Amino acid sequence: MRERARVTIVDGRSGAGKTTYAERLARETGAQILRLDWLYPGWDGLASGSRSVARALRTGGFERYDWERGVFDEHIELDPGAPLVIEGCGSLTRENLAAARAWAGGVPDRARRVHTVWMECSAGLRRERALARDGEMFRPYWESWATQEEAFFAVAHPISLAIEIVHAD
């Protein structure tokens, strides 16, 4: 039987099933969730939100972005004693992986303490899911967000850091 990870990072493109996967995992393990949706500073903020993950892990908390008001407002503390699932586009980078390993307890048993997942799904189904989830609010931003994903993933190569690839079609 595989030991449960202290930290699981779930990355993939918009609509790939990251949130559903993360919520199910959190329910099964009692983990808290850190959603990158809470860290992006608006629709042009994928890279900035990604950089915020390591900082949140180092400091033990973060300011949550309010999408309605367009500001960071509520401070959220992370419980260092509880398992953690990090999910969202841009969550799986070398810097975030190093911070997750430190959060999970450092060097011993690294592979079991941090588990990394890349969610894979066809473009058409991803778009359908994303627009069903976020409705008309997301529609005007779909193309610009996809462009950010392309640019970010070309540099960060998150799939190369994934231990597991989940096909969610």
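Visitor: What conventions hold for residue numbers, pLDDT and side-chain values?
Guide: Residues are numbered from 1 along each chain as its sequence is written, and side-chain values use heavy atoms, with hydrogens and water left out. As the model is predicted, local features need pLDDT of at least 70 and side-chain atom pairs count only at pLDDT 80 or more, while totals for chains, interfaces and linings use all residues.

Visitor: In what order do the elements of the chain run from the N terminus on?
Guide: Helices (H or I, at least four residues) and strands (E, at least two) are DSSP runs, numbered from the N terminus. The chain has six helices and seven strands. Their order is β-α-β-α-β-β-β-α-α-β-α-α-β.

Visitor: Which residue in β6 stands opposite Val10?
Guide: Strand β1 (residues 7–12) runs parallel to strand β6 (residues 114–120), and six bridges join them. The residue of β6 opposite Val10 is Val117.

Visitor: What span does helix α2 reach from its first C-alpha to its last?
Guide: The expected span of a helix is 1.5 Å times one less than its number of residues. Helix α2 (residues 46–59) has 14 residues, and its span is close to the expected 20 Å. Just after α2, Gly60 takes a positive phi of about 85°. The span of α2 itself is 20 Å.

Visitor: What covers the buried residues of α2?
Guide: Buried means under 20% relative accessible area, exposed over 50%, and partly exposed in between (1.4 Å probe, protein chains only). The buried residues of α2 are Leu46, Gly49, Ser50, Ser52, Val53, Ala54, Ala56 and Leu57. Contact means heavy atoms within 4.5 Å. The cover includes β2, β3 (61–66), β5 (84–87), α3 (94–104) and α6 (142–156).

Visitor: Why is the pair of Tyr65 and Trp67 edge-to-face?
Guide: Rings of Phe, Tyr and Trp (its six-membered ring) pair if their centres lie within 6.5 Å; planes under 30 degrees apart count as stacked, over 60 as edge-to-face and the rest as tilted. By this rule there are eight aromatic pairs. The centres of Tyr65 and Trp67 are 5.1 Å apart, and the pair is edge-to-face because the planes stand at 85°.

Visitor: Is Tyr65 buried or exposed?
Guide: Tyr65 also pairs edge-to-face with Phe72, at 5.0 Å centre to centre and 65° between the planes. Phe72 is partly exposed at 40% relative accessible area, and Trp67 is partly exposed at 28%. Tyr65 has a relative accessible area of 11% and therefore counts as buried.

Visitor: How many disulfides are there in the whole structure?
Guide: A disulfide is a pair of cysteine sulfur atoms within 2.5 Å. Cys89 is buried at 4% relative accessible area, and Cys121 is buried at 7%. The number of disulfides found is zero.

Definitions and conventions
Pairing = 2+ DSSP bridges.
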